[in-house]
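Dear colleague,

Please find below the structure that I am handing over to you. My notes on what was found in it follow.

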Protein chains: 2
Amino acid sequence: MRTQNTGQTQNAGIHDDSGTPDPLDDKTFARICRALGHPARVKIIRHLLAVDSCICGRIVEILPLAQSTVSQHLKILKESGLVEGTVDGPRSCYCVNRELFEAFRKTMEDFTESDQDHGKQ
Amino acid sequence: MRTQNTGQTQNAGIHDDSGTPDPLDDKTFARICRALGHPARVKIIRHLLAVDSCICGRIVEILPLAQSTVSQHLKILKESGLVEGTVDGPRSCYCVNRELFEAFRKTMEDFTESDQDHGKQ
DNA sequence: ATCGTTTATCGTATATATACGATAAATAAA
DNA sequence: TTTATTTATCGTATATATACGATAAACGAT
């Protein structure tokens, strides 16, 4: 069982030794929002958070979409960094990158807490 | 000063008498994520949360984009329901719908707290 | 080695997003 | 009333997203 390439361009949100995750810059935050910007992908994330990890085929069963379409949605989620996939035999197993998910959530919290600079557009 | 039509199709997330906002269904949640799925729009939301309300022209000054493009981004934010606009003379004044923003945030919190049903896709 | 299972990718059609300049519409100011 | 200011909308070009069926690729099972 080996880890797949995520294809994501940044790796923001990984916490340092402070215990809390670093806030995401606007571009990274927007990238994750965009990944969550489709009902099917929201359902996928919700399911993965609930069951911890899940193979592609199970997600295909849950959604009213063709296998190829689900695979495409999973690819978008992987590219955002929010989801990670591992190959296990002929199967693909997916799970949420909880560290990044927490960083995302924390960034939202900070939206109303402070008014810092958050990187170039 | 009159309120503009938002163009949004749903009005989810408005709390009942329980004190906490209702969680958003997947479609509504995705709609808001999509609205936040561009760095310029993240910047706009961040700014509006910081200054409470702001006219279009000021946002145009802040972003490295043409006025028409900023207006388009503001329209997308309005259509999501996350931002509301009022016309004041020749100006347009924008602010965040904080109730919906809180509902959005609360929905994210619930992602790891429970495993409820969240409406049809 | 062949076959079945699982999943990614390709090809494709259609729709939506993103950017800009030009222009219209609304109002304040002169 | 004319002019300036402000902002939305139109037109347009290009890019990305979304959906599907078909097919390839990887692997386990026989």
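In this predicted model, strand β2 (residues 53-55) of chain A runs antiparallel to strand β4 (residues 91-96) of chain A, and three bridges join them. Strands pair if DSSP finds at least two bridges between them; helices (H or I, at least four residues) and strands (E, at least two) are DSSP runs, numbered from the N terminus. A:Cys54 has A:Tyr94 in β4(A) as its bridge partner. β4(A) is also joined by six bridges to strand β3 (residues 83-88) of chain A, again antiparallel, and here A:Val87 is partnered with A:Ser92. Two residues separate β3(A) and β4(A) in a hairpin, where A:Gly89 in the turn has a positive phi of about 65 degrees.

A polar side-chain atom of B:Arg41 lies 2.8 Å from a phosphate oxygen of DNA strand C, while one of A:Gln67 is 2.9 Å from a base nitrogen.

Residues are numbered from 1 along each chain as its sequence is written, and chains are lettered from A and ligands numbered from 1 in the order in which they are written. Local features need pLDDT of at least 70, side-chain atom pairs count only at pLDDT 80 or more, and totals for chains, interfaces and linings use all residues, while side-chain values use heavy atoms, leaving out hydrogens and water.

Yours sincerely

Definitions and conventions:
Polar contact = N/O pair within 3.5 Å; in protein donor to acceptor, adjacent residues only side chain to side chain.
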